[in-house]
Amino acid sequence: MTKFSELNLNPKVLKAVEEAGYESPTPIQEGAIPPALEGRDVLGIAQTGTGKTAGFVLPMITLLARGRARARMPRSLVLCPTRELAAQVAENFDTYTKHLKLTKALLIGGVSFKEQDKLIDKGVDVLIATPGRLLDHFERGKLLLTGVQIMVVDEADRMLDMGFIPDIERIFSLTPFTRQTLFFSATMAPEIERITNTFLSAPARIEVARQATASETIEQVVVMFKGSRRDREASEKRKLLRTLIDNEGEKCTNAIIFCNRKTDVDIVAKSLKKNGYDAAPIHGDLDQSQRTRTLDGFREGSLRFLVASDVAARGLDVPAVSHVFNFDVPGHPEDYVHRIGRTGRAGREGKAMMICNPRDEKNLAAIETLVQKPIPRLDNPLASDTPAPQADAAEVAEEQPSKPRRTRSRRKPDDAPQAVQEAPAKAEAQPVTAPAPEVQAAPEAKPAPEEQRAPEPREETKPRSRGGRGGRGRDNSDNGNKVVGMGDHMPSFIALSFEDRSAS
Ligand code: AMP
C-alpha cells in the first residue's frame, strides 16, 4: 500500500495530513495525486466519502506553495455545486494548509460580496466558489480569471443536474487555455463526457467504485407503507417515521431524514419537533446563517435529527451518523446511494431505513438495480393498528391548512391499511456486502431513465435557464416567486425575510 510520504507532497502538507490522523491515502488519492503533481489533467470518477476532496486539495496546495498570490488574479479555482460543499472544501483547505501561507476566498451566496472583494483585491491563492456567485463577481469587474493555473470542478454530475453546465463552460473559457484541470464527477453522463472531452487535455482517468458497493457496514431496510385513507396518508407516514425512530431506541444516536421536497422537509421537521423530537430542517430556501447554525448543531451533537433535502445534504461530511431515514424513495437511484452514504462512514456501522409507498415501487426497483441487491423488507410496525390510526388533527391542519379536498370516492368503505399485504415477504435485514473501492474497477452507473424519475420537480432538478446568465444580479431578479432552491440561487427576499416566512 502506498504511503502519503511516497506521494511527493510538500512536507508541510504531509505534516498537516498526519495531524489530520490519516494513515494512508484512499484509492482516489493514490490515483489522483501523482498525475496532478506532475501537472497533468485529472478526471476523477468518485463520490463524496471517498476522500476525493483531499485528492485534489493536497496536490493543488503543494503546487501553489511554490508561487505567490497576485492582486485580483486568483491562482486557482475550485467550483462546487452548492454552498455547503464549497464551505466544506474551504474547511479542508484550512486543515491541509495550516503550515503553509496560502490564502483563500469563498464566493458563495449568503456571504457578503464586500468582504470577499477585499480578499480578492489583496490577492488569493485559491478561490472556492459556486458557479453563479463566481460569475456575479466576474461580471462586477472585480475578478480576473486569467491567472488561474489550476481549476477544479467538483461534483460535475450535480452541476449538470442543477443546470450549471453552461456556467461551467463559460468559466472554462475565461481561464487560460494552459491551465491544469482536475475534474471530479460521481458518474459520467454523456453531457459530462462531452465537457471533459472539450476542456480536459489527455487526463489521467481514475475511477473508484461507487459508494453503493462500498457500504458494507450499512444495514438497509425498506418499509412498505400505504395510508389508510388518502387524506391521512401524510400524517400516518410521519407517525410511521416516529415509530421507526422509536423502535431503533438508543441505537439511533442521530439521524438524517431525507425528503424529496422542500415543503416536506419543513413539515416533517415541524411535526417531529411538535412530537418532542429534537429536529431541524435544512434546505436551499433557508437562509445561510440558519443553515450553518443547524449544520453546526448537528455536527456538534446538540441537534439529533437533521431533516434534509438532497441538495442541502450533498457532500456534507458528518462523521458519525447512526441512521439515515428516507422519508421518501428518491426519484434518482443515485441519490439513494448519496443519502445512505451519510451513515456507515469510515468503517462505522450504520442503518438506512426507507419508507416506500406503492407509487414509488418503480423507483425502489431502480435503486435495487443500481445497488445490485434486493433491499430487505421490514414489516410496517403500524400495520396492526387497525382500525386506521386517527390522524393527529393538528398535524393534518398543519399540512393542509386551507382547501378541503374533495376525494373522488372510488374507495371501499373498509379501506384499511394494506401495508402488510403489499410488502413482499419479510427478509432478515442483511448488510449489503460488496467489494471495496478499487481504482479503475467500477462499472459505470447508469442514470435512471427519465420516466423513472420523480414526477414533481425537486429541489436540484429545476434547471437554470440555458440562455446564459442574463447579466448582473440575476440570482435576485429572474426567479420571481419561483424559488430555485439551489443554495446559490436564492432570491434576496427569501434571505431577508426568512424569520417572517418561517412564522407562517
Ligand atoms: P470526501 O470524500 O472528500 O468528502 O472525504 C470524506 C471523509 O474522509 C472526510 O471526513 C475526510 O476527512 C476523510 N478522509 C479523507 N482522506 C482520508 C484518508 N486518507 N484517510 C482517512 N480519512 C480520510
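Helices (H or I, at least four residues) and strands (E, at least two) are DSSP runs, numbered from the N terminus. The model is predicted, with pLDDT of at least 70 needed for local features and 80 or more for side-chain atom pairs to count, while totals for chains, interfaces and linings use all residues. Residues are numbered from 1 along each chain as its sequence is written, and side-chain values use heavy atoms, with hydrogens and water left out.

**Figure 1. Overview of the protein chain, with 20 helices and 14 strands.** The protein chain has 504 residues, and 57% of them are buried (under 20% relative accessible area; exposed is over 50%, partly exposed lies in between; 1.4 Å probe, protein chains only). Among contacts (heavy atoms within 4.5 Å) with a separation of 6 or more, 78% join residues 24 or more positions apart.

**Figure 2. Helix α14 crossing helix α15 at roughly 65°.** Helix α14 covers residues 333-340, and helix α15 covers residues 361-371. Their axes (lines fitted to C-alpha atoms, for helices over the stretch in contact, with angles from 0 to 180 degrees between N-to-C directions) come within 8 Å. The pair α14 and α15 is therefore roughly perpendicular (65 to 115 degrees; under 35 is roughly parallel, over 145 roughly antiparallel, the rest oblique). On the α14 side, P333, E334, Y336 and V337 take part, and they meet A366, I367, L370 and V371 of α15. The contact of α14 with α15 has 7 nonpolar residues (Ala, Val, Leu, Ile, Met, Phe, Trp, Tyr, Cys and Pro), 1 charged residue (Asp, Glu, Lys and Arg count as such) and no polar ones (the others, Gly among them).

**Figure 3. P333 and A366, two residues of the contact between α14 and α15.** P333 belongs to helix α14 and has a relative accessible area of 4%, so P333 is buried. From P333 to T369 the C-alpha to C-alpha distance is 8.7 Å, across 36 residues of sequence. A366 sits in helix α15; its relative accessible area of 12% means that A366 is buried. A366 and E334 lie 9.5 Å apart, C-alpha to C-alpha, and are 32 residues apart in sequence.

**Figure 4. Helix α5 packed on helix α6 at an angle of about 70°.** Helix α5 spans residues 113-122 and helix α6 spans residues 131-139, with the two axes 12 Å apart. The angle makes α5 roughly perpendicular to α6. The crossing of α5 and α6 is right-handed. From α5, F113, Q116, D117 and I120 meet R133, D136 and H137 of α6. By class, the residues of the contact of α5 with α6 are 2 nonpolar, 2 polar and 3 charged.

**Figure 5. Helix α4 packed on helix α12 at an angle of about 60°.** Helix α4 runs over residues 83-96 and helix α12 over residues 288-300; their axes are 12 Å apart. The two helices α4 and α12 are therefore oblique to each other. The crossing of α4 and α12 is right-handed. R83, E84, Q88 and E91 of α4 form the contact with Q288, R291, L295 and R299 of α12. The contact of α4 with α12 divides into 5 charged, 2 polar and 1 nonpolar residues.

**Figure 6. N380 in the loop between β14 and α16.** The loop that holds N380 lies between β14 (377-378) and α16 (393-399). With a relative accessible area of 9%, N380 is buried. A polar atom of the N380 side chain lies 2.8 Å from the backbone nitrogen of L382.

**Figure 7. N8 and Q372, residues other than glycine with positive phi.** Phi of N8 is near 70°. N8 lies in the segment before α1 (11-19) and is exposed, with a relative accessible area of 65%. Phi of Q372 is near 60°. Q372 lies in the loop between α15 and β14; the relative accessible area of Q372 is 59%, so Q372 is exposed.

Terms used: Left-handed = near helix turned anticlockwise from the far one by under 90°. Polar contact = N/O pair within 3.5 Å; in protein donor to acceptor, adjacent residues only side chain to side chain.
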